[in-house]
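Thank you all for coming. I would like to take a few minutes to walk through one structure, beginning with a single chain and ending where the copies meet.

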There are 2 protein chains.
Amino acid sequence: MKKDVDAIVLMNAVEPNLDCSFFYATGIPNGLFEGCLAVIRPSGVEVLTSELEALSAKEAGVKTQVFENGDERMRLMKRRLSRFKRIGINSMELTLANHRLIKKACGKAKLVDISRDLFDARMIKQPDEITRISKACRIASEVGRSIPDFVSEGMLETEAAAEINYWMMRLGAAGPGFTTTAAFGTKSAEPHYTPSRRKLRKGNFALFDFGASFERYVSDMTRTFVCGTPSKRQMEMHEIVLRAQEEALDMIEEGVHGEDVDNAARNVIDGSKFKGCFIHSTGHGLGISVHDPGSISSARDMVLRKGMVLTVEPGAYIAGFGGVRIEDDVLVTKNGCKVLTACPKDLRRI
Amino acid sequence: MKKDVDAIVLMNAVEPNLDCSFFYATGIPNGLFEGCLAVIRPSGVEVLTSELEALSAKEAGVKTQVFENGDERMRLMKRRLSRFKRIGINSMELTLANHRLIKKACGKAKLVDISRDLFDARMIKQPDEITRISKACRIASEVGRSIPDFVSEGMLETEAAAEINYWMMRLGAAGPGFTTTAAFGTKSAEPHYTPSRRKLRKGNFALFDFGASFERYVSDMTRTFVCGTPSKRQMEMHEIVLRAQEEALDMIEEGVHGEDVDNAARNVIDGSKFKGCFIHSTGHGLGISVHDPGSISSARDMVLRKGMVLTVEPGAYIAGFGGVRIEDDVLVTKNGCKVLTACPKDLRRI
């Protein structure tokens with residue numbers, strides 16, 4: 001906790017607008033906790049919750065106070081917050097409407113935006129977080145290895161994604177960590193594509209972006225295949241993206257700038273015939289959220305530190321032709337990085 | 001659009017903190033659009049996006065302007081927003097940090113919270129929205145009907161949830177609409193439980209809460225089973241919850257107060273030996289978000305209107321024993337409601 005606040009208050013709105021830091025701070029494995037608060041003090045964490053989530057909070061051993069409705073919540077908030085002088089809030093995940101409620105409840109206390117410190121803390125993963133992310137990565141990797149066993153020509157994108165989700169859950173995932181992407185043919189050029197009823201045809205790229213959710217922590221990996229025999233251009237595109245990813249992986253270690261890693265990957269692609277086709281940054285943090293704090297990017301540079309978990313995912317995208325992305329999850333170490341997703345990276349055929 | 005604003009600006013933060021109204025207003029089927037904006041004027045919608053999502057926006061036929069980084073985004077925002085006098089914002093789904101950016105960009109314009117009007121509009125579903133929700137409901141219902149075919153004694157919660165997700169996607173869902181709950185035994189008493197490696201045992205309740213995502217719209221239904229022969233108490237609990245749900249369904253029609261519907265369901269449970277066990281409200285809106293605007297609740301009363309889509313989901317929960325919930329999705333009509341989820345509601349055995 002930042003030294004100059006008496007408490008930190010995290011408040012969820014309605015799904016999907018939940019504060020991931022709420023779950024980071026409380027460690028509660030079940031429940032949505034819409035409209036609920038966590039009050040964090042050096043002495044411990046207290047959750048203000050509706051009856052709906054009370055059992056989930058209590059089973060996690062968290063100090064819990066139940067409110068029946070909005071008025072009672074405001075009374076509880078006032079009683080707790082008005083005795084503080086400086087209260088930390090998380091501007092990155094707090095809605096404007098909830099900010100108004102906290103302001104109303106806290107009387108004369110000053111609200112201090114501690115999101116930067118909170119995100120800094122969340123970036124460095126604790127051992128138990130690394131254990132959960134690693135498990136989520138092992139599940140995704142095992143499924144990634146067997147994609148050619150269960151995806152075949154003629155299959156729909158939704159069917160392929162269904163298989164991926166199914167096998168991740170059979171291996172212990174609580175669910176997919178995010179909407180699994182299965183993008184065939186030209187659709188592989190849309191990085192955040194949602195699977196539809198498109199059929200896999202000979203000559204298509206087949207891009208799969210997926211991750212497992214395990215005890216609230218997620219993995220996030222991408223592999224790109226070709227149905228049948230790849231064309232020369234498809235092979236070149238895959239080779240360049242793979243080389244870009246290897247350049248990035250080689251550079252990662254404590255103390256290196258994310259911007260430099262991003263540039264290393266980007267230079268490979270921009271130095272090839274696929275110049276300009278790498279339209280996003282090289283990676284992002286991974287943890288409770290699939291887009292956790294931290295990035296490997298020139299737009300949001302940061303120095304890599306031991307204990308960070310990041311994705312490394314260069315890609316090349318050509319509208320009307322298709323796209324290739326190769327994505328792994330890594331743990332930054334003192335002298336390099338540990339790849340948490342173990343799955344072949346050559347251009348495999350379906 | 002509210003008459004007294006020149007434009008509405010919707011801005012996403014980082015997943016999961018996305019503004020569902022952004023997707024409602026733009027209708028873009030693919031993409032995450034983190035850090036992106038929609039500027040809505042009577043003359044049309046424009047999206048400011050990073051290159052990453054540009055193709056997804058363009059393929060949807062939406063007017064699109066691409067920015068390369070945060071500075072360029074701010075320049076684009078300033079150019080657009082500074083000419084307005086009054087700008088509508090959505091305080092319910094806008095983060096405090098993004099509010100700060102909009103304030104910086106808009107110069108002397110006044111920011112007006114239009115979230116209530118926006119949510120009012122989102123509550124009444126348009127025909128194409130009803131088509132998509134109905135499809136999502138049909139998918140979930142079909143899977144709900146066949147649960148006893150693929151869930152059996154000894155199965156893990158995650159395995160059962162894997163089957164449900166798999167069959168929803170085989171029937172055309174883009175994915176589960178939210179984390180599928182499979183809660184066995186005493187865990188059925190936790191309404192927002194995440195499936196784990198608990199095995200289904202004889203005598204257990206088996207509660208399944210799941211929904212399909214179809215073209216960004218979702219369904220949300222719950223059925224509770226018993227493994228083997230139900231005990232007298234289990235049968236009584238299920239019977240009371242079912243009666244509560246039927247009372248609620250019978251009351252729903254245009255013009256009725258949500259509070260009265262909630263009371264009708266609650267009175268059945270509170271008039272039984274399960275008094276006090278119904279620990280949440282009777283229902284919520286359903287649409288792009290699984291918790292869309294609107295509710296059937298005494299804490300947040302509203303008058304039901306034709307075109308609303310709502311869940312009807314009374315439940316009873318006893319810690320250490322288990323819970324029952326029966327949930328359907330309905331479309332409010334002039335003289336009643338149309339149940340969109342067609343699936344048996346008797347206490348079925350596994």
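Predicted model: local features only at pLDDT ≥ 70, side-chain atom pairs only at ≥ 80, totals over all residues.

Let me start with burial: of the 350 residues of chain A, 63% count as buried, where buried means under 20% relative accessible area, with a 1.4 Å probe and protein chains only. Residues are numbered from 1 along each chain as its sequence is written, chains are lettered from A and ligands numbered from 1 in the order in which they are written, and side-chain values use heavy atoms, with hydrogens and water left out.

Chain A contains 10 helices and 19 strands, taken as DSSP runs numbered from the N terminus, helices being H or I with at least four residues and strands E with at least two. Its C-alpha trace spans about 70 × 40 × 35 Å along the principal axes. Of the contacts in chain A with a separation of 6 or more, 66% are between residues 24 or more positions apart, a contact being heavy atoms within 4.5 Å.

How are the two chains related? A rotation of 180° with 0.0 Å of shift along its axis superposes chain A on chain B, with an RMSD of 0.0 Å, and that is the relation of a two-fold axis. The superposition is by least squares on the C-alpha atoms of residues with pLDDT of at least 70 in both copies. Because 100% of the interface residues of chain A are also interface residues in chain B, the copies meet through the same surface.

Helix 4 of chain A, residues 96-105, has among its buried residues Leu96(A), His99(A) and Ile102(A). The buried residues of this helix pack against strand 1 (7-11), helix 3 (70-81), strand 5 (86-89) and strand 6 (110-113) of chain A, and also against strand 5 (86-89) and helix 4 (96-105) of chain B. Just after the helix, Gly107(A) takes a positive phi of about 60°.

Finally, is Glu190(A) buried or exposed? Glu190(A) lies in the loop between strand 8 (181-184) and strand 9 (205-210) of chain A, and it is buried, with a relative accessible area of 2%. Leaving aside residues up to four places away in sequence, Glu190(A) touches Asn30(B), Leu55(B), Ser56(B) and Glu59(B).

Notes: Buried < 20%, exposed > 50% of the residue type's maximum accessible area, 1.4 Å probe, protein only.
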